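My notes follow in the order I looked things up.

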Amino acid sequence: MRTTKVIVLPYDTTWKSDFEEIKKEIESAIGDLIIGIEHVGSTSIEGLSAKPCIDIDVIIKDYSLFDAVVSKLQTIGYIHEGNLGIKDREAFKYLNKPHLKTHHLYVCPQHSEELHRHITFRDFLRSNTEAVKKYSLVKETAAQLFPDDIDKYIKYKSPCIEELYRLCGLK
């Protein structure tokens, strides 16, 4: 059991500007090497309750530029962690960025299935207020039931996510 504290907050309009600040810093380092930077995950969906951590997908054409991206990201404090078991999604951690909101940074080639899943799910939720209300309630309930167990939190909300995936054509 992982004992990570689970905190889910109501949607916060500052998450958009938090993303923009992080994006600006990343673009300044690798903007010439990438296709784009996408705000994904729950904080990217207006009205959706979320853990207060910005999820970011940096899109590259393909892996031919990956080593250069890793090298330039290192110069601004990001450390490559590998794909953490998810194909075509490379994770990065960071040290000493108190000026930026807590975030997860991933680099994905443009044809990554994981990138497609993130964008499809985000766009579906952005256009479906009923799904956002339902998912928010499930997340809030899961956080209340399992405030000290991230694994049980994830397990509790999984059936809702699976249903939403079916609705947006991901399953």
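**Strand pairing**

I began with the strands: β4 and β5 pair in the antiparallel sense, over three bridges. I bear in mind that this is a predicted model. For a specific pair I took Glu 90, whose bridge partner in β5 is Val 107.

Next I checked β3 against β4. They also pair in the antiparallel sense, and I counted four bridges there. Ile 79 has Lys 93 in β4 as its bridge partner.

**Positive phi**

I then looked at the loops that join these strands. Leu 84 sits in the loop between β3 (78-82) and β4 (90-94). Its phi is near 50°, a positive value in a residue other than glycine. Is Leu 84 buried or exposed? I found a relative accessibility of 53% for Leu 84, and the cut-off for exposed is over 50%, so Leu 84 counts as exposed.

Asn 96 lies in the loop between β4 and β5 (103-109). Asn 96 is not a glycine, yet its phi is positive, at about 55°. Its relative accessible area is 70%, so I noted Asn 96 as exposed.

**Cores**

I moved on to the nonpolar cores. The largest has 24 residues. Which residues have the most contacts inside it? They are Ile 26, Ile 30, Val 58 and Leu 73. I listed the elements that give two or more residues to this core: α1 (14-30), β2 (54-60), α2 (66-75) and β5. The most comes from α1, which gives six residues.

Leaving aside neighbours within four places in sequence, I found Ile 30 in contact with Val 58, Val 69, Lys 72 and Leu 73.

**Helix packing**

Which residues of α3 and α4 meet? On the α3 side I listed Phe 121, Phe 124 and Leu 125. On the α4 side I listed Ala 131, Val 132 and Tyr 135. The residues of this contact divide into six nonpolar, no polar and no charged.

Note on methods. Residues are numbered from 1 along each chain as its sequence is written. This is a predicted model: local features need pLDDT of at least 70, side-chain atom pairs count only at pLDDT 80 or more; totals for chains, interfaces and linings use all residues. Side-chain values use heavy atoms; hydrogens and water are left out. Contact means heavy atoms within 4.5 Å. Ala, Val, Leu, Ile, Met, Phe, Trp, Tyr, Cys and Pro count as nonpolar, Asp, Glu, Lys and Arg as charged, and the others, Gly among them, as polar. Buried means under 20% relative accessible area, exposed over 50%, partly exposed in between (1.4 Å probe, protein chains only). A nonpolar core is a set of buried Ala, Val, Leu, Ile, Met, Phe, Trp, Tyr and Cys residues joined through side-chain atoms within 4.5 Å. Two strands pair if DSSP finds at least two bridges between them.
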